[in-house]
Amino acid sequence: MDGILVDNNMKYKITFKNQFKAIEFLIYGSILFFGLGYFLYRTEGLSRDLISFFSVYYIILLIPTILIHFEYYLRNKNDLFIIDLHQKIISYNTTLSIHFSEIEKIVLYMPPVWHRKGSIRFLPFEDYRYAAIELKSGKRHIITCLMIYDLEKIMSTIPGVTIQKKKRLIASPFLDQLLF
């Protein structure tokens, strides 16, 4: 589990481990990408057209991933999320307590690879997903994979709460507000 078990409560916050899990595809992909580029340069000699193609391709993958990572980090950087299954309460930043009965539903926004429970990812931003805890009062709280890497598993431990899944190629709360 990603959280820290304290007094039968699971506590979650952004960790280096979760950040690395989310961005590791970009890191390893970059190493392979530049290694291949260097190999081709040394053996074949790269033309400007090929360098331009690879550069544009890499930037198209890099920019959304970095933007999503910063969005997630800024959204949850000082947050503490505690699930207390005995008292049936979620504490958010120790200032807000939400009883399970106050939750209308939890919506998981995730790329298609997570819907099909796949392990092969083609894009570096496919590891990013988030949960929106929607309350009956109309308020909404966002928990990202930088806090809880396996969101679906942890959110399903909350009894009596409906979990809905929505596919997003790029799971961004900011984009969802703009587009949906």
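This section describes the fold, the surface and the salt bridges of a predicted model.

The protein chain has five helices and nine strands. From the N terminus on, these elements follow the order β-β-α-α-β-β-β-β-α-β-β-α-β-α. The C-alpha trace spans about 65 × 35 × 30 Å along its principal axes. The protein chain has 180 residues, and 41% of them count as buried. Its accessible surface comes to about 10600 Å². Carbon and sulfur atoms hold 62% of that area. Among contacts with a separation of 6 or more, residues 24 or more positions apart account for 65%.

Four strands form an open sheet in the order β8-β7-β6-β9. The pairing is mixed. Strands β8 (140-144) and β9 (162-167) lie at the edges, each pairing on one side only. From one strand to the next, the twist averages 20°. Helix α2, which covers residues 48-76, packs on this sheet and touches β7 and β8. The direction of α2 makes about 125° with that of β8. Strand β7 comprises residues 130-135 and runs antiparallel to β8. Five bridges join β7 and β8. Within this pair of strands, A131 stands opposite I143 of β8. Strands of a sheet pair through backbone hydrogen bonds, either parallel or antiparallel.

The structure holds four salt bridges. One of them joins the side chains of E134 and K105, with an N to O distance of 4.0 Å. This pair links distant parts of the chain, since E134 belongs to strand β7 and K105 to strand β6 (residues 103-110), 29 residues apart. E134 has 18% relative accessibility and therefore counts as buried. K105 is partly exposed because its relative accessible area is 22%. The cut-off for burial is under 20% relative accessible area, so the two partners fall in separate classes.

A second salt bridge connects K165 and E152. Their closest N and O atoms are 2.4 Å apart. This pair also links distant parts of the chain: K165 lies in strand β9 and E152 in helix α4 (residues 151-155), 13 residues apart. K165 counts as partly exposed because its relative accessibility is 36%. E152, at 18% relative accessibility, counts as buried. R168 and D176 form another salt bridge, with the closest N and O atoms 2.8 Å apart. Both R168 and D176 are buried. Salt bridges with shared partners also join K105, E134 and R140 into one network.

R168 has a further neighbour in P112, which touches both R168 and L169 when residues up to four places away in sequence are not counted. P112 is found in helix α3. With 29% relative accessibility, P112 counts as partly exposed. The C-alpha atoms of P112 and K166 are separated by 8.9 Å. Along the chain, these two residues are 54 residues apart.

The loop between α3 (112-115) and β7 contains E126. E126 has a relative accessibility of 7% and so counts as buried. Not counting residues up to four places away in sequence, E126 touches P111, V113, W114 and R121.

Another loop, between β3 (81-84) and β4 (89-92), holds K88. Phi of K88 is near 60°. This is a positive value in a residue other than glycine. K88 is partly exposed because its relative accessible area is 40%.

At 30% relative accessibility, F20 counts as partly exposed.

How values were computed: Residues are numbered from 1 along each chain as its sequence is written. This is a predicted model: local features need pLDDT of at least 70, side-chain atom pairs count only at pLDDT 80 or more; totals for chains, interfaces and linings use all residues. Side-chain values use heavy atoms; hydrogens and water are left out. Two strands pair if DSSP finds at least two bridges between them. Helices (H or I, at least four residues) and strands (E, at least two) are DSSP runs, numbered from the N terminus. Axes are lines fitted to C-alpha atoms, for helices over the stretch in contact, and angles run from 0 to 180 degrees between N-to-C directions. Contact means heavy atoms within 4.5 Å. Buried means under 20% relative accessible area, exposed over 50%, partly exposed in between (1.4 Å probe, protein chains only). Accessible areas come from the Shrake-Rupley method with a 1.4 Å probe; for residues, only the protein chains shown count as cover.
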